[in-house]
Amino acid sequence: MALRPGIGNRESGADAPSRGPVAPSSSRRTGGSPEGIDPYWAPTATIEQLKARADLYRSIRAFFDARGVMEVETPILSAHATVDRHIDSFAAAPHGFLHTSPEFAMKRLLCAGSGPIWQIAKVFRAEESGRYHNPEFSLLEWYRPGYDHHRLMDEVEALLRGLGAVGPFARLTYAEAFRCHAGFDPETVALDHLRTLPEAEALDDGADRDTLLDLWMSFRVGPELGREFPCFLHDFPASQAALSRVVAGKAQRFELFWDGLELANGFHELADADEQQRRFEADQARRQAEGRPVPPYDRHLIAALHAGLPDCAGVALGLDRLLMRLTGAASLAEVMAFDSGRA
């Protein structure tokens, strides 16, 4: 699902500039570089961090194996791209696009009768590098037939506790988070007040409500979430439903924050093929109006939804960011063997 409008889209404040290549240090790794040799051959992560990642993956596999969830693998290359307003795909001409999430292919497996499934996938987003961003990153994604978003939050919490997260996991509605950390109700606040955010000055006067709320989430609300212990945010505005169901005017989706950083994005999945196609086409129309590329949406997914998606919930969890929080690392580069500056 894409860490979705989520992992990698709205962030805890502005990203710090990419630190770029750093020469190997004897405190980080053994050896150095003779004069005249490229000093940037070395990994950005320590060997201890690489071992921590290996341990993390073993624990994840054990967690899902114990629960009877099947590991799957789906293509990285696709004939289609995401049309989500927050995410841009890398074109891989003439073969199509690198996927931004395994979501659509995994939903096709669900429609084919796979039952509960999970995978760890390398995914790609056309975005700048920084403290919390890398164009290539690792995503854990899983789907649970018979679950709604609340039950899936329970399972996400169980996984993180098994991996070492402690303390009470808070749960706030989107509106509660805004009232607490921004001082207003996001459903009733005037647009003029939303435009008082200094970061909104760069937007044109036609910026809509959701665009402005996204800015407030990025710079004021999100950075305050999960400061002590992880925090789930749920019951989003219907206009921010993305690929989730809408019930009683609320999008049945959640995001997980830990110390101000968004880690996961989960949905009670939309199963209505016609509604999903309408949302894809609306996203394309918005991209065209903004003068942005308008890639083809995934028609295979629409066909699969017509065949029937079981009632299910799914979540995407950014593993590099999770590893940052579990190990106390300050940036993605510190938990990746080679970040984009050394790839």
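## The surroundings of Ala-126

Ala-126 touches Asp-88, Ser-89 and Phe-90, with residues up to four places away in sequence left out of the list, where contact means heavy atoms within 4.5 Å. In this predicted model, local features need pLDDT of at least 70, side-chain atom pairs count only at pLDDT 80 or more, and totals for chains, interfaces and linings use all residues. Residues are numbered from 1 along each chain as its sequence is written, and side-chain values use heavy atoms, with hydrogens and water left out.

The loop that holds Ala-126 runs between strand E4 (117-124) and strand E5 (136-145); helices (H or I, at least four residues) and strands (E, at least two) are DSSP runs, numbered from the N terminus. Ala-126 counts as partly exposed because its relative accessibility is 35%, on a scale where buried means under 20% relative accessible area, exposed over 50% and partly exposed in between (1.4 Å probe, protein chains only). Between the C-alpha atoms of Ala-126 and Arg-299 there are 22 Å, the two residues being 173 residues apart along the chain.

## Confidence of the prediction

The predictor's confidence in each residue is given as pLDDT, from 0 to 100. The mean pLDDT of the chain is 90, and 90% of its residues reach 70 or more. Over residues 2-31, however, pLDDT stays under 50, and for this stretch the model has 107 contacts beyond four places in sequence.

Arg-53 is part of helix H1 (residues 47-66), and with 13% relative accessibility Arg-53 counts as buried. The side chain of Arg-53 makes a polar contact with the side chain of Asp-320 at 2.6 Å; a polar contact is a pair of N or O atoms within 3.5 Å, and within protein one must be able to donate a hydrogen and the other to accept it, while residues adjacent in sequence count only if both atoms are side-chain atoms. Beyond four places in sequence, the residues that Arg-53 touches are Ser-138, Asp-320, Leu-323, Val-335 and Met-336.

Helix H9 (residues 319-327) is largely enclosed by the rest of the structure, because seven of its nine residues are buried. Those buried in H9 are Leu-319, Asp-320, Arg-321, Leu-322, Leu-323, Met-324 and Arg-325. After H9 comes Gly-328, whose phi is positive, near 80 degrees.

## Two helix pairs

Two packed helices are described by the angle between their axes and the distance between the axes. Axes are lines fitted to C-alpha atoms, for helices over the stretch in contact, and angles run from 0 to 180 degrees between N-to-C directions. The axes of helix H2 (residues 103-111) and helix H8 (residues 299-307) cross at roughly 25 degrees and come within 9 Å. H2 and H8 are therefore roughly parallel to each other, given that angles under 35 degrees count as roughly parallel, over 145 as roughly antiparallel, 65 to 115 as roughly perpendicular and the rest as oblique. On the H2 side the contact is made by Phe-104, Lys-107, Arg-108 and Cys-111, and on the H8 side by His-300, Leu-301, Ala-304 and Leu-305.

Helix H4 (residues 174-181) and helix H6 (residues 209-221) have axes 11 Å apart and pack at an angle of about 55 degrees, and are therefore oblique to each other. H4 contributes Tyr-174, Ala-177, Phe-178 and His-181 to the contact, and H6 contributes Leu-213, Trp-216, Met-217, Arg-220 and Val-221.

## Backbone features in loops

A cis peptide bond, with omega about 5 degrees, joins Ala-93 and Pro-94, and Pro-94 has its place in the loop between strand E2 (77-78) and strand E3 (97-98).

Ala-248 is not a glycine, yet has a positive phi of about 55 degrees; this residue belongs to the loop between strand E8 (246-247) and strand E9 (250-258), and at 77% relative accessibility Ala-248 counts as exposed. Asp-259, likewise a residue other than glycine, has a positive phi near 55 degrees. The loop between E9 and strand E10 (261-268) contains Asp-259, which counts as partly exposed at 30% relative accessibility.

## Thr-173 in strand E6

Thr-173 lies in strand E6 (residues 170-173) and counts as buried, with a relative accessibility of 17%. Neighbours within four places in sequence aside, Thr-173 is in contact with Leu-233, His-234 and Asp-235. Thr-173 and Phe-232 are 8.3 Å apart in space, C-alpha to C-alpha, and 59 residues apart in sequence.
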